[in-house]
Amino acid sequence: MVDHSPPTRTRPYPDRTTTAAAAPRPGLRGRLGDALFRGVAGPDGPESRRRVHGTPGPRWFAPDRPIRVVHGDASMFPGGLAALLLQSLHPLAMTAVADHSDYRNDPWGRLARTSTFLAYTTYGAADDAQRAVDRVRAVHEHIQGRTADGEPYHAADPHLLAWVHSAEVYCFLTAHQRYGQRPLDAAGRDAYVADMAVVATAMGIENPPTTVRELRTRLNSYRPELRLTPQTREAVHYILLRPPLPAPVLPPYLLLGAAAVSLLPTWSRAQLGLPVLPRTERWCVGPAGAGVTALIRWLLPPPPHRRA
């Protein structure tokens, strides 16, 4: 839940493939998809996307790696919401966000910065991926303070970073297995965790998990540190019930939020005060989440052709 870039709207990465603004796609599907993409990626999203996919050079991950499959699927939408909910349970991570992130007044800016970071590290040229990581690490060095109980926190703390990373990987992978277009087999799931460990190591995380089993063990190791704080309760309420969205978008978003809750570990839902309703989730939430995810997948524009 720690932000992946500073609260700025300036372009954080070099423009090596400057081109004219992308032409709007025709038809209702094109207009809705373009609006959705700009909402997630920000006003510079189309240009950043061209830079990510169009800049020549080696990448951190080959085209057939599981990280590219997972991060390129619309299942990232419920997975991302689930990650925010799970990460909020750590009081140090939540306090860092509350004290140093303007997520209430600028949620779209924060979402755009995070999605840009994921795009560069997953698909971008190696130099740009490293530059994205270096920028985030520099920002983290300046994010520190104390909780209401007087406990110190520092966003650059490897232990705290490992919690944020593990929660993110778990939720992204779980969402992909449930709502993704191409679920991974057992070997692919381990390979995804290993791919994410490459990014984690670059971020300064020590011994990140490299298999699903290690990931679950790492998550469980944090449970004694987790608790529901007033800041966590406020964040959960904001994410699930008070998102800054126009009325026509609220119904599918609320379905997406319910799908995100269903992805969380049972023990975390109990701590967050969120209900566990197996039959409702199986017969209502699951199909609804799959439907909204499929709609998002249909609306979003395809990525531009990558240069050699």
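## Helix packing and a buried alanine

The crossing of helices α4 and α8 is right-handed, a term used when the near helix is turned clockwise from the far one by less than a right angle. Helices are DSSP runs of H or I with at least four residues, numbered from the N terminus. This is a predicted model, in which local features need pLDDT of at least 70 and side-chain atom pairs count only at pLDDT 80 or more, while totals for chains, interfaces and linings use all residues. Residues are numbered from 1 along each chain as its sequence is written, and side-chain values use heavy atoms, without hydrogens and water.

The axes of α4 and α8 come within 8 Å and cross at roughly 145 degrees. Axes are lines fitted to C-alpha atoms over the stretch in contact, with angles from 0 to 180 degrees between N-to-C directions.

| Helix | Residues | Among its residues in contact |
|---|---|---|
| α4 | 76-87 | Met76, Ala83, Leu86 |
| α8 | 158-179 | Trp163, Phe172, Tyr179 |

Contact means heavy atoms within 4.5 Å.

Ala96 lies in helix α5, residues 91-100. Ala96 is buried at a relative accessible area of 5%, where buried means under 20% (exposed is over 50%, partly exposed in between; 1.4 Å probe, protein chains only). Beyond its neighbours within four places in sequence, Ala96 touches Ser101, Ile143 and Tyr153. His140 is 44 residues from Ala96 in sequence, and their C-alpha atoms are 9.9 Å apart.

The protein chain has an average pLDDT of 88, pLDDT being the predictor's confidence in each residue from 0 to 100. Over residues 1-21, pLDDT stays under 50. Where pLDDT is low, the predicted coordinates should not be read in detail.

Technical notes. Helix = DSSP H or I, 4+ residues; strand = E, 2+ residues; numbered from the N terminus.
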